[in-house]
Amino acid sequence: MEEKFSFKVLYIAIISLALLFSFINSTSAKNFMPGDDQYVLAADKMPEPVGGPAAIVKKVVYPPIARDTRIEGKVYMMIYINESGNVDDVKIVRGIGAGCDEAAIKAIKETRFSPAMNGNTPVKAKLSFAVTFKL
C-alpha cells in the first residue's frame, strides 16, 4: 500500500513541476519586447539621464488617487534606450499601481539619456531603474 502512495505523490509532484515550469515560461516571455536581444545589459559606458536621476524625479507627478490613498513605494522598470539616447520602450518589472506605474513611465519617456557606448560606438542598451513615490 505504501508503494502506491509514494507513486501517487511522485506523480503529483512531477505534474506540478511541469505545470509550474510551463507557467513560468509562458509568463516570462511576455515581459520582454520584440528585439530585446538587440539591447545590451552591459556596455563600456551605460546610459545616464541627461541632468542625472534628479531630472527624472522632477518630471514625476504623484497621481491624485495614490496621494489620496497614501500609496508609497518603488516602481521598478526596464528601460530600453537606443543609440541616440532616446527611450524606445519602458517595461514595468514591479509596480505599485494607483497610477504610479504610468506616472513613472511618463517621466522616463520624457527624459533624454546619454547613449550607451562600447568603445566609440553608440549601442542600444537596457537599463534597470526605480522611481520612488513617497509622501
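**Close-up views of a predicted model**

A search of the whole structure turns up two aromatic pairs; rings of Phe, Tyr and Trp (its six-membered ring) pair if their centres lie within 6.5 Å, with planes under 30 degrees apart counted as stacked, over 60 as edge-to-face and the rest as tilted. Before zooming in, note that this is a predicted model: local features need pLDDT of at least 70, side-chain atom pairs count only at pLDDT 80 or more, and totals for chains, interfaces and linings use all residues. Residues are numbered from 1 along each chain as its sequence is written, and side-chain values use heavy atoms, with hydrogens and water left out.

**View 1. Y39 meets Y80.** The ring centres of Y39 and Y80 sit 5.2 Å apart with the planes at 85 degrees, so this pair is edge-to-face. It ties together distant parts of the chain: Y39 lies in the loop between α1 (2-28) and β1 (48-49), while Y80 is in strand β2, 41 residues apart. Helices (H or I, at least four residues) and strands (E, at least two) are DSSP runs, numbered from the N terminus.

**View 2. Strand β2 and its two partners, β3 and β7.** Strands pair if DSSP finds at least two bridges between them. On one side, β2 (residues 73-81) runs antiparallel to β3 (residues 87-94) over six bridges. Look for M77 with its bridge partner I92 in β3, and for Y80 opposite D89. The two strands make a hairpin with five residues between them, and G85 in the turn has a positive phi of about 95 degrees. β2 is also joined to β7 (residues 125-133), antiparallel again, by nine bridges; there, K74 stands opposite T132.

**View 3. The largest nonpolar core, with 20 residues.** Such a core is a set of buried Ala, Val, Leu, Ile, Met, Phe, Trp, Tyr and Cys residues joined through side-chain atoms within 4.5 Å. M77, I108, V131 and F133 touch the most other members. Elements giving two or more residues are β2, β3, α4 (100-109) and β7, and α4 brings the largest share, five residues.

**View 4. What surrounds M77?** Setting aside neighbours within four places in sequence, M77 is in contact (heavy atoms within 4.5 Å) with residues including V90, I92, A104, I108, L127, F129 and V131.

**View 5. Stepping back to the whole protein.** There are four helices and seven strands, in the order α-β-α-α-β-β-α-β-β-β-β along the sequence. Of the 135 residues, 30% count as buried. Among contacts with a separation of 6 or more, 76% join residues 24 or more positions apart.

Notes
Buried means under 20% relative accessible area, exposed over 50%, partly exposed in between (1.4 Å probe, protein chains only).
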